[in-house]
Amino acid sequence: MKAIFLYITFMALCGFVAAQAPMNQPSGAGLQKTTTIRYDLYVGDTTVNYSGKTKHALAINGSIPGPTLYFTEGDTAEIYVHNTLNEETSIHWHGIILPNQYDGVSYLTTQPIKAGQTHLFKFPIVQNGTYWYHSHTMFQEQSGMYGALVFYKRNEKPAKEYTMVLSDWTDMHPHTVNRYLHNASDWFAIKKGAVQSYSEAISKGYFNTKITNEWKRMNAMDVSDVYYERFLTNGKPVDEQPQFKAGDKVRLRVINGSSSTYFWLNYAGSKITVMANDGAAVVPVEVDRLLVGVSETYDVMVTVPADMSYEFLATAEDRTRSTSLWLGSGMKMPVTPLPRLKYFEGMKMMNGMMKMNGDLDTSGGMEMTNQQMDMNTVMYPEMTGDADTSKKHDMPGMQMGNTSSDIVTLNYGMLRAPEKTTLPDAPVKLLKFELTGNMNRYVWSINNKTVSETDKILIKKGENVRIILYNNTMMRHPMHLHGHFFRVLNGQGAYSPLKTVLDIMPMETDTIEFAATESGDWFFHCHILYHMMSGMGRVFSYENSPPNPEVPDPAMAYKMLKRDDRMLHTMARVGLESTGSDGEIMVANTRYRLSTEWRIGLNDHHGYESESHFGRYIGKMQWLFPYIGWDFRYRKMEETEKNLFGQKNTKDFRQVFHVGLQYTLPMLIVADASLDTEGKLRFQLMREDVPVTKRLRFSFMVNTDKEYMAGFRYIVTKNFALSTHYDSDMGLGAGITLSY
């Protein structure tokens with residue numbers, strides 16, 4: 001018994017030491033003996049303060065990111081995940097080839113780790129490269145549940161390297177972020193300075209561009225969805241590594257562990273040599289900069305030119321903020337910050353790409369593929385030659401940001417596998433995926449269907465699966481396939497690169513293919529967290545797969561997965577003004593909406609009224625909304641009311657049911673026609689939140705009942721605004737508006 005106790009104690013201590021190993025300390029490099037490597041990961045609550053405010057977060061082994069886990073190809077990973085939370089959790093091993101039951105998607109492949117439970121993940125390491133792990137439960141990844149995986153080649157010689165996990169942090173609870181996105185709040189645009197209001201358009205000479213934009217029923221040009229307080233490198237806004245010296249060649253293992261942020265990578269000391277992507281080696285290619293998509297990994301080689309400290313800068317694609325890694329010690333050698341985006345130029349470009357029906361216009365004959373034609377360059381001052389150069393100071397050994405089209409930017413067409421990647425001869429299953437979405441209502445889908453609206457896609461072991469993807473949205477989408485590497489057909493023929501994530505730009509058509517060699521169910525989805533949770537994904541299911549011991553009821557498991565994009569989103573707005581109160585409460589999901597509006601006056605002549613609607617959005621762009629509803633109102637009549645159709649109302653109080661149809665017109669004006677149970681018709685035009693300035697919004701309504709309203713709202717905080725409006729029934733009022 002004593003011997004057994006000592007053995008258990010020794011193994012637990014080894015696991016604890018391995019799990020606590022400092023980040024970026026290689027423990028597997030150079031190992032020749034195949035062995036089982038154990039880690040213990042403890043998931044728990046914590047608090048952080050990245051912006052001056054203490055906020056709740058999730059940590060693994062007490063840190064954000066979690067510990068880097070090191071293995072050597074040929075090892076067996078034995079990872080115990082201990083859930084100390086009061087809710088379930090999960091861990092997905094991103095980019096890893098492993099048995100289906102250990103993939104870590106709750107319910108679909110792996111049992112969720114319930115509160116207080118421990119789950120063992122045990123799988124062979126059959127690859128090498130840079131990967132990562134993260135929660136696949138709700139929005140836990142956004143709160144800090146992620147970490148790096150480093151797999152060394154067998155007999156690999158130790159070299160100078162450093163692992164940097166990039167991430168984004170919001171002080172707002174991720175569920176609230178998701179709710180704001182679905183409720184078309186422009187609070188994030190206000191915080192980022194990206195509202196693109198009419199006053200800004202006029203002052204910059206883009207009034208016609210703004211009009212055209214809204215005539216085509218589009219909101220402002222959007223580059224990224226969420227405002228973040230901080231961007232982090234290994235959990236810190238700035239990471240310093242002074243141990244590197246002049247002449248050192250450092251392999252940086254860059255992992256984009258963000259929830260929704262693309263990062264531009266620039267280095268002050270030299271060119272950047274790309275060595276690997278998504279863990280797979282590529283023929284080295286030298287560039288000035290690259291954009292790393294959400295969930296992608298890149299291995300890059302950089303040189304420290306002299307005994308100084310050189311900045312490796314990661315800038316968010318929307319250029320609101322950045323995070324830095326400093327290599328070396330001595331005088332700071334910074335990268336020139338990327339200038340602010342030219343949003344109206346981007347809006348003008350977007351207008352030319354969009355048809356009136358909401359589809360992208362590909363009639364120009366340009367074939368866009370593999371990031372080789374970035375239409376967004378019109379927004380980059382450094383590419384168009386009018387960047388602000390007043391802050392540049394040339395220093396020895398420092399590469400300043402170029403201000404011309406000579407900048408070499410990585411694209412997928414430059415990636416070439418060092419060995420042939422051709423698939424075996426086999427039957428080909430061809431799939432065509434159109435990436436679709438609606439920014440106004442934040443619905444993201446494939447072929448206009450969310451995960452919850454589709455069945456699994458059946459594939460057969462032994463066949464080759466080829467997917468042609470066309471991005472018919474105005475957003476980039478990093479599409480990730482679990483459990484497989486795929487070839488990107490990028491013009492490199494037999495040497496097409498292997499990847500697990502494909503960043504596909506607007507209007508692009510890309511082709512990927514993979515050999516169906518596994519079994520079970522595998523998720524394919526956009527890795528922008530809020531896009532995935534809104535429905536942009538599919539499940540590949542191998543026919544005749546053996547039972548997954550983690551999924552005893554596959555049908556029920558798939559229903560559980562479908563819950564994500566069926567979530568309900570609530571919104572409320574309450575106006576408290578000198579003439580009374582008006583407001584709206586709404587509950588909605590991907591296709592359906594239930595809402596109640598009200599207006600309460602201060603006396604009988606002002607009266608009160610409420611109108612409720614329940615309906616379903618129709619069509620890809622969801623401009624059509626048929627509904628049923630209930631309407632009641634009271635107002636002390638002084639004279640008979642007559643609408644524009646000659647229909648009369650003589651009652652102080654009336655309540656009716658009605659049916660109606662709303663349709664979004666050009667200029668984002670909503671037309672609403674309804675018929676009630678008393679036979680009365682009403683036609684109404686309305687629009688809310690016209691962006692007059694960065695914070696001032698205008699709304700109006702007019703209908704055939706001879707009612708009209710116009711008002712302004714000045715947004716002070718995300719929940720509070722100053723407001724005033726004139727109502728045909730209650731007159732002029734002023735006060736405040738509270739939003740939820």
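Hi everyone, let's start on the outward side of helix H9, where Ala555 and Lys559 are exposed (exposed is over 50% relative accessible area, buried under 20%, partly exposed in between, with a 1.4 Å probe and protein chains only). Before going on: this is a predicted model, so to speak of local features we need pLDDT of at least 70 and for side-chain atom pairs 80 or more, while totals for chains, interfaces and linings use all residues. Residues are numbered from 1 along each chain as its sequence is written, and side-chain values use heavy atoms, with hydrogens and water left out.

Back to H9, which spans residues 554-561. Helices (H or I, at least four residues) and strands (E, at least two) are DSSP runs numbered from the N terminus. Which residues of H9 are buried? They are Ala557, Tyr558, Met560 and Leu561. Seen down the helix axis, these buried residues fall within an arc of 155°, so they line one face of H9; the arc is taken from the directions from the axis to the C-beta atoms. Their cover includes strands E30 (521-526) and E31 (537-542).

Of its 147 residues, Ile79, Trp93, Phe123, Leu252, Phe312 and Leu469 touch the most other members. Helix H6 (residues 343-353) gives the most to this core, with 6 residues. Apart from it lies another core, of 12 residues, including Val48 and Tyr146.

On to the rings. The whole structure has 32 aromatic pairs: rings of Phe, Tyr and Trp (its six-membered ring) with centres within 6.5 Å, stacked if the planes are under 30 degrees apart, edge-to-face if over 60, and tilted for the rest. Trp93 and Phe123 make a tilted pair, 6.0 Å centre to centre with 50° between the planes. Trp93 sits in strand E5 (residues 92-94) and Phe123 in strand E6 (residues 118-124), so the pair ties together parts 30 residues apart in sequence.

Phe139 and Tyr530 are stacked, at 5.5 Å and 25°. Phe139 lies in the loop between strands E7 (129-134) and E8 (146-152), and Tyr530 in helix H8 (residues 529-532), so this pair ties together parts 391 residues apart in sequence. Phe139 and Tyr530 are both buried. Thanks, everyone!

Key:
Contact means heavy atoms within 4.5 Å. A nonpolar core is a set of buried Ala, Val, Leu, Ile, Met, Phe, Trp, Tyr and Cys residues joined through side-chain atoms within 4.5 Å.
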